[in-house]
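Me: I am new to this structure and would like to learn how to read it. Can we go through it feature by feature?

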Amino acid sequence: MVAYLARRLAFAVFLVFAVSSAALVLAKLAPGDFAADSLGLGASPEAIAAARARYGLDRSLGAQYGAWIAGAARLDFGQSLLFDRPVADLIPERAANTAILSLTALLAATLIGLPLGVVTGSRPGGFLTGAIRTASLLLLSMPPLLTSLFLVFAAARTGWLPVGGMTTASTTSGWTGDVLRHLIVPAAALALPLAAMFERLQSQSMSEVIGQPYMLATHARGVPAARAIWRDALKGALGPIAAVYGLVVGTLLSGSFAVEAITAWPGLGELMLAALRARDVYLVAGCAVAGSVFLAIGTLLSDAALALVEPRTRET
Amino acid sequence: MSQFLTRRSGQLASLLAVGAIALALAGSAACGGGSSSPAGGPAGGNAVRPERGGELSVSARTEPRTFNRLASREATTDLVASLMQAKLVRINRVTDDVEPWLADSWTRDAGGLAYTLKLRPNVAFSDGHPMTADDVVFSLEAAYAVPLAADALQPGGKKLTMAAPDPLTVVLTFPVPYAPGLRILDNLWVLPKHKLEAALRSGSIESAWGLSTPPADLAGLGPFVLSAYSPGQRMVFARNPRYWRKDEKGTQLPYLDRLTIEVVPEESTQLLRLTSGASDVTISEVPSEAYATVKREAEAGKLRLYDLGVGYDADAFWINLRPGAFKSDPRAGWLQRDEFRRAISMAVDRQLFADTVFLGAALPAYGPITPANKKWFSPDAPRTPHDPAGARALLASIGLTDRNGDGMLEDAGQKPVQFTLVTQKGRPRLERGVSVIRDELKKVGIAVDVVTLDASAVIDQIMSGKYEALYYSVYFNGTDPASNPDFWLSSGSTHLWDIGQKKPATEWEARIDELMARQMRSGDEAERKRLFDDVQKTFAEHLPAIYFAAPRMFAAASRRVINVTPAVQRPQLLWSPDTVAVAK
């Protein structure tokens, strides 16, 4: 088990290194740069050259990458060109906001999708199963971008929930209550398609497990049906969900880019979008580091969970 | 020297988003019935007498890049500067007149090169430090230390000089005769010497007042002070208690107690916040694709819609005219010819362009100066008619004909008449624009390959001259043509089609250089107009950049916002933030 997790940890470190390096190099290689973007079309060539020199953008790609990677090894990810602040200062506050959003969405999706999957997987026919399946397929076919647009629209029309942002400038409900109110729309936009995916996976897995001989034996022993399903069958059917959890964390992060932009949630996705637009290469790379760390942690947790549920996976 | 502002709005799926919201809002508005709309009048809401107090929530799509306006002229940075800082004179965005601001009077010497400006007495920065002429002289010195800011303060490429004979007097001397005179001071923000002198002396003025600066370290002469900044979320501005301006009844300005700029990256969400009352105003105009939706909301009584008239700026199409740009390219023989550009201008139906690209909210345009610029627009400048048959004949006259009967043109070497047109991606109106150009040119046998790039990549292509043709938004710095020599002069850094020429590449560019030099020097306004009419005529005869439509501009605000004076130029409703008020 320890050797298995060590291998996965080494892969996670490589993942973070590869993703952040690729982000920096690709952002640097793309035509245009921060100096041209920030000064605009009217700037004289001298002004642009001075800005490039000031930001260090006049150095070669190799020199910039070398300096960045040397700094990154000391957890110094450079200075954001856009915000004129150390990237290492900017990332944690935004990453925390993204973590709040993603974990809430993951929790909500799990609490909604898993039980519904158990219900539909254990009752192959009937109106309820059909309704849940239809809702799941509808939600699965809607990308988080559209879901968030619809929810923001609903919030604007009904006035029940805030339209975008993470807090209100002048709130009377306290910070936690205020954030929770603002969290509902973006978290729901991320959670609903995810819950639908969990429901489908769990349903499929449940229907397979219920047909297993040991479940027939459980029934034959007189164990009540509800207990057999929610205890024995569920335990046996958790493998597929555990296997995709790591990937889901990555999906959540990439999905949150669009959701954060639409709902003005000040997270990592919104920061990376701003960095990409402004061609702030160091901030892009810093966001990529944070994103890949999230992905690596998710993958590690998923591997660990899978190793517990399915001991055979430790051998791979 | 001219500053062209690059509008930044490449946004994630913004067209899809706005479209989706528009459809949804359309449905619900249809159910909501239609009360009368106050759309169309700057007088709307101004009948209510403004009173002090209240808060205003403003949506911006980006954060400012810095609190130092010298280092950036991006839209949110500019708005923040106008809230916190002030200038010696102000150009009224509605009347286009120069108004006294921190300087309350001035005289001009007999030679016309020196101005003596008297500063308002008893004006203090927001931290209580008195403003003196030394601050003004310092501000000019600071601006010259930052290339971006310096560009806008050098008439004829030479620096202004400034002296402070006493604490309330500034003597400004121009290096050369400069017709716009004090209009140039619209580019000079008066900064606190006591706060920024150390940065200037240490060579770090450009990076001073970055976004990590504590609000207490910022000081200014504007109507507001920054009281809180939450990165990625908002900036909260409180009334500057030491602001120097009062209204005509003697009420201390600004009217508002507080103004908050919320960062809302997506246009569709901005719109929903506006219609739901979560925000009061956006810093930019209503995009044409959202106009119908906003109009319905205004008719339903949720918003006030302001019809600002035709905009000052039209998007431009141009072909790379740099000599040698197509040196080893067989198309060099025809791609840079006047006839080819004229044929393109004749091939595109401008009314169709306006209807398709701006969804009808635009007028056909024939040159860089639109009818919005009443003083300088020349209605007599030549206009190319929509004439596809004439365009084909013109193309045939330079050897471009359909040689293989496929409906598309070929040159003498049997090569297809084809070029690549670059524009910025993520901007619906530019993307629609290139589609119309491509379709219209196909009708006369010219094939156009469209490439969309990020704004910085487009700017890079323009500056490096490595492109075939471009369609892009360029914005003039001011309404006076002398404020934009970089566009008109062949040596200019925004002489789009061939930037920064050592000497004029063509006879007609030499003529425009000569006309503009006289125009910028002349003290006779009638002569200046005549000279600039000539410039526009020469431009229209050679069409180095082709214009198809000038958009009509609209702005929207919640109904509680009063006492605004809408202007065509950005920020349309907030250019005079000290007089904006909210209804109680």
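Reply: Gladly. Keep in mind that this is a predicted model. Let us start with one side chain. A:Arg52 has a relative accessible area of 23%, so it is partly exposed.

Me: Which residue of chain A meets the side chain of A:Arg52 in a salt bridge?

Reply: First, the general idea. Side chains of opposite charge can pair when their charged atoms come close. Here the partner is A:Asp33, with 2.5 Å from N to O. A:Asp33 counts as buried because its relative accessibility is 10%.

Me: Which residue of chain B forms a salt bridge with A:Arg52?

Reply: That is B:Asp460, at 3.6 Å from N to O. Between chain A and chain B the count is 3 salt bridges. Over all chains, the structure holds 41.

Me: How do I read the size of the interface?

Reply: The size of an interface is often given as the accessible area lost when the parts come together. In this case, chain A and chain B bury about 4,400 Å² between them. Carbon and sulfur atoms carry 58% of that area. Three residues stand out on the chain A side: A:Leu41, A:Arg157 and A:Arg277. They supply 18% of the area that chain A buries against chain B, more than any other three residues.

Me: How many residues are in contact across the two chains?

Reply: 47 residues of chain A are in contact with 60 residues of chain B. Polar contacts join 7 residue pairs across this interface. Several helices of chain A give two or more residues to the side that touches chain B, among them helix 2, helix 3 and helix 5.

Me: What does helix 13 of chain B pack against?

Reply: Look at how much of the helix is covered. Of its 10 residues, 8 are buried, so helix 13 of chain B is largely enclosed by the rest of the structure. The buried ones include B:Val458, B:Ile459, B:Ile462 and B:Met463. They pack against helix 2 and helix 3 of chain A. They also pack against strand 13, strand 15, strand 16 and strand 17 of chain B. After the helix comes B:Gly465, with a positive phi near 70°.

Me: How do I read a salt bridge inside one helix?

Reply: Count along the turns. An α-helix has 3.6 residues a turn, so residues three or four places apart point the same way. B:Arg341 and B:Asp338 show the case: both lie in helix 9 of chain B, 3 residues apart, about one turn. Their closest N and O atoms are 2.4 Å apart. B:Arg341 counts as buried because its relative accessibility is 2%. B:Asp338 is partly exposed, at 28%.

Me: And a salt bridge that spans more of the chain?

Reply: Take B:Glu289 and B:Arg432, whose closest N and O atoms are 3.1 Å apart. This pair links distant parts of the chain, 143 residues apart. B:Glu289 is in the loop between strand 11 and helix 7 of chain B, while B:Arg432 is in helix 12. B:Glu289 is buried, with a relative accessible area of 15%. B:Arg432 is buried too, at 15%.

Me: Which residues are linked with B:Asp480 in a network of salt bridges?

Reply: The network links B:Lys375, B:Asp480, B:Glu525 and B:Arg528. B:Asp480 sits in the loop between strand 17 and helix 14 of chain B. Is that residue buried or exposed? B:Asp480 is buried, because its relative accessibility is 3%. Its side chain makes a polar contact of 2.7 Å with the side chain of B:Arg528. The B:Asp480 side chain also reaches the backbone nitrogen of B:Ala482 at 2.8 Å. Residues that B:Asp480 touches include B:Pro180, B:Arg183 and B:Trp376.

Me: Where is A:Ile297 found?

Reply: A:Ile297 is in helix 13 of chain A. Its C-alpha atom is 8.9 Å from that of A:Leu9, although 288 residues separate the two along the chain. At 45% relative accessibility, A:Ile297 is partly exposed.

Conventions:
Residues numbered from 1 in each chain as written. Chains lettered and ligands numbered in written order. Predicted model: local features only at pLDDT ≥ 70, side-chain atom pairs only at ≥ 80, totals over all residues. Heavy atoms only, no water. Salt bridge = Lys/Arg side-chain N within 4 Å of Asp/Glu carboxyl O. Buried < 20%, exposed > 50% of the residue type's maximum accessible area, 1.4 Å probe, protein only. Helix = DSSP H or I, 4+ residues; strand = E, 2+ residues; numbered from the N terminus. Contact = heavy atoms within 4.5 Å. Buried area = accessible area lost by both parts, 1.4 Å probe. Polar contact = N/O pair within 3.5 Å; in protein donor to acceptor, adjacent residues only side chain to side chain.
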